[in-house]
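Here are my notes on the model, point by point. Please read them with the structure open.

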Amino acid sequence: MNTDEPNQSTETHGHEHHEVEGPGYPTPAAMRTESEREKTAFVMSPRVGMDVDGPDFVGVVDVDPNSDTYAELIDTVEMPNKGDELHHFGWNTCSSSCHAEGLTRDHLIVPGQRSSRIHIVDASDPRQPAIEKVIEPEEVFEYDLSAPHTVHCVPGGKIVISMLGNSDGELPGGFLQLDQDDFSIDGHWEGDRGAMEMNYDYWYQPRHGVMLSTEWAAPQTYYPGFDLEDVEAGKYGDSIHIWDWETKEHRQTLTFGEEGLIPLEIRMPHNPEETEGYVGAALSSNVIRFWEGDNGNWEWEKVIDIEDREHPDWNMPVPGLVTDILLSLDDQYMFFSNWLHGDVRMYDISDTGNPRLVDQVWAGGNFGDRQEVAGHDIRGAPQMLQLSRDGRRLYWTTSLFSSWDNQFYPEIGEEGSLMLKADVYPEKGRMELDEGFVVDFGDAPGGPARAHEIRWPGGDCTSDVWQ
């Protein structure tokens with residue numbers, strides 16, 4: 001799965017890239033080795049569910065160690081309304097369109113999970129982004145969709161957003177498509193939804209004409225917080241869905257049952273030749289590998305299992321709660337977070353069916369010995385992850401979702417969450433917490449906020465897909 005080794009397809013791809021100037025990089029290896037070190041981070045920063053009379057914002061964090069404002073929140077782009085719950089976001093275009101002339105990666109698509117409002121942010125100046133356009137929820141509801149989540153730029157001048165509910169916040173969800181030129185709504189992406197009801201994250205491999213999506217629950221189920229009775233009643237997901245990328249039709253459902261409860265973040269290799277990948281199942285606290293079989297049907301197996309742990313303050317064993325997962329750009333390492341336990345793990349996945357744990361970092365959570373960094377209490381635990389393009393720095397934030405934060409880590413709702421970092425040594429398969437890097441969103445201008453998803457100007461391993 002190593003994408004550094006040139007083959008006929010990547011060499012041709014690189015040659016074509018020189019003929020047509022487009023956004024992004026011709027190969028994952030090019031992004032990993034030719035891009036500059038990240039200097040600025042965009043961080044989603046909701047204030048929903050906090051005692052702060054202010055809107056959510058997109059935070060701009062200085063991650064340039066040579067800067068006088070290193071590890072500081074240097075700008076905020078406040079939303080025009082309150083109560084959006086900014087959650088996940090993405091780019092207007094990326095490396096999947098690196099052959100498309102005239103496109104530029106310069107706008108962030110920033111949805112509100114609770115409001116269904118979609119903000120278009122001009123990020124052409126990474127240190128001074130500004131809102132350019134707002135798609136109001138009423139425009140989204142016209143398509144009987146709500147609760148936008150994952151944003152991916154896709155080939156053909158389009159942006160596709162996974163939507164977790166209908167206009168009433170119930171099932172089914174679907175996919176909303178925007179135009180890259182004027183950010184107008186095209187309508188539903190899917191042509192035939194088939195058996196899909198629940199939605200959450202998705203990934204696609206255009207070279208193989210496939211997309212895979214995951215499941216959380218209906219917005220009206222997870223908005224109030226987590227209730228185990230909802231799981232027992234079958235209101236949370238346990239499956240992933242296979243889609244035909246060309247016809248946009250649902251093709252197959254992989255049902256995990258108790259082996260894969262609440263499958264959230266899904267990642268496929270950056271090598272566009274591959275037809276396999278991993279999904280982190282939050283509640284059952286495991287990682288499931290899936291792949292396309294010789295007969296064209298998809299199969300799966302559990303490859304990592306995190307054991308529940310006893311805690312004196314809990315009346316039940318505490319699951320790890322695998323909430324985020326990513327693959328390095330060379331497809332050698334997998335990282336994922338255990339939000340309730342308090343650790344982030346690093347696995348060598350050179351043998352894709354047998355991931356090997358090589359290191360882990362503990363920071364906060366219910367079991368981590370380290371509960372502060374540089375004098376800042378760690379409120380929450382590793383949650384949303386982002387890896388530097390060269391694979392040498394892993395950043396994370398500690399907030400999950402407003403009502404879930406308030407339920408499991410109420411101090412986040414009171415004082416805000418943090419952004420932390422570990423130095424990664426891929427040659428040795430090792431990580432080390434950077435004790436000198438902490439961005440405390442409790443000190444944000446206008447009051448505390450919940451730091452969530454992270455993006456780099458120029459793209460990253462969780463937003464870019466290659467053809």
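1. Terms and basis. Two strands pair if DSSP finds at least two bridges between them. Helices (H or I, at least four residues) and strands (E, at least two) are DSSP runs, numbered from the N terminus. This is a predicted model: local features need pLDDT of at least 70, side-chain atom pairs count only at pLDDT 80 or more, and totals for chains, interfaces and linings use all residues. Residues are numbered from 1 along each chain as its sequence is written, and side-chain values use heavy atoms, with hydrogens and water left out.

2. The β20–β23 sheet. Four strands make an open, antiparallel sheet, ordered β20-β21-β22-β23. At its edges lie β20 (322–327) and β23 (356–362), each pairing on one side only.

3. How many bridges join β20 and β21? Five bridges link β20 to β21 (residues 333–338), in the antiparallel sense. L327 is set opposite M334 of β21. Strands of a sheet pair through backbone hydrogen bonds, either parallel or antiparallel.

4. The loop between β20 and β21. D331 sits in this loop. Its phi is positive, near 60°, and D331 is a residue other than glycine. D331 is also buried, with a relative accessible area of 1%. Buried here means under 20% relative accessible area, exposed over 50%, partly exposed in between (1.4 Å probe, protein chains only).

5. A second sheet. Another open sheet has four strands in the order β3-β2-β1-β30, again with antiparallel pairing. Which strands are its edges? They are β3 (73–78) and β30 (454–455), and each pairs on one side only. β2 (residues 57–62) pairs with β3 in the antiparallel sense, over five bridges. V58 faces V77 of β3 in this pairing.

6. Aromatic pairs. The whole structure contains 26 aromatic pairs. Rings of Phe, Tyr and Trp (its six-membered ring) pair if their centres lie within 6.5 Å; planes under 30 degrees apart count as stacked, over 60 as edge-to-face and the rest as tilted. One of the pairs is Y200 with W216, edge-to-face, at 5.5 Å centre to centre and 85° between the planes. Y200 lies in the loop between β11 (185–188) and β12 (202–205), and W216 in the loop between β13 (210–213) and α4 (219–222), so the pair ties together parts 16 residues apart in sequence. Both Y200 and W216 are buried.

7. A stacked pair. F336 and Y347 have ring centres 5.4 Å apart and planes at 20°, so this pair is stacked. It links distant parts of the chain: F336 is in β21 and Y347 in β22 (residues 343–348), 11 residues apart. Is F336 buried or exposed? F336 counts as buried because its relative accessibility is 0%. Y347, at 5% relative accessibility, counts as buried too.

8. Cluster and charges over rings. Y200, W216, Y222, Y223, F226, Y236, F401 and W404 belong to one aromatic cluster. R114 lies over the face of Y223, 4.8 Å from the ring centre. R289 places its charged end over the ring of W291, at 4.4 Å from the centre. The criterion is NZ of Lys or CZ of Arg within 6 Å of the ring centre and within 35 degrees of the ring normal.

9. Cysteines. How many disulfides does the structure hold? There are zero disulfides, a disulfide being a pair of cysteine sulfur atoms within 2.5 Å. For C461, the closest cysteine sulfur is that of C94, 13 Å away, which is too far for a bond. C461 is buried, with a relative accessible area of 3%. C94 counts as buried at 0% relative accessibility.

10. Backbone points to check. The peptide bond joining L171 and P172 is cis, with omega about 5°. P172 is in the loop between β9 (158–165) and β10 (174–179). F183 is not a glycine, yet has a positive phi of about 60°. F183 lies in the loop between β10 and β11. F183 is buried, with a relative accessible area of 4%.
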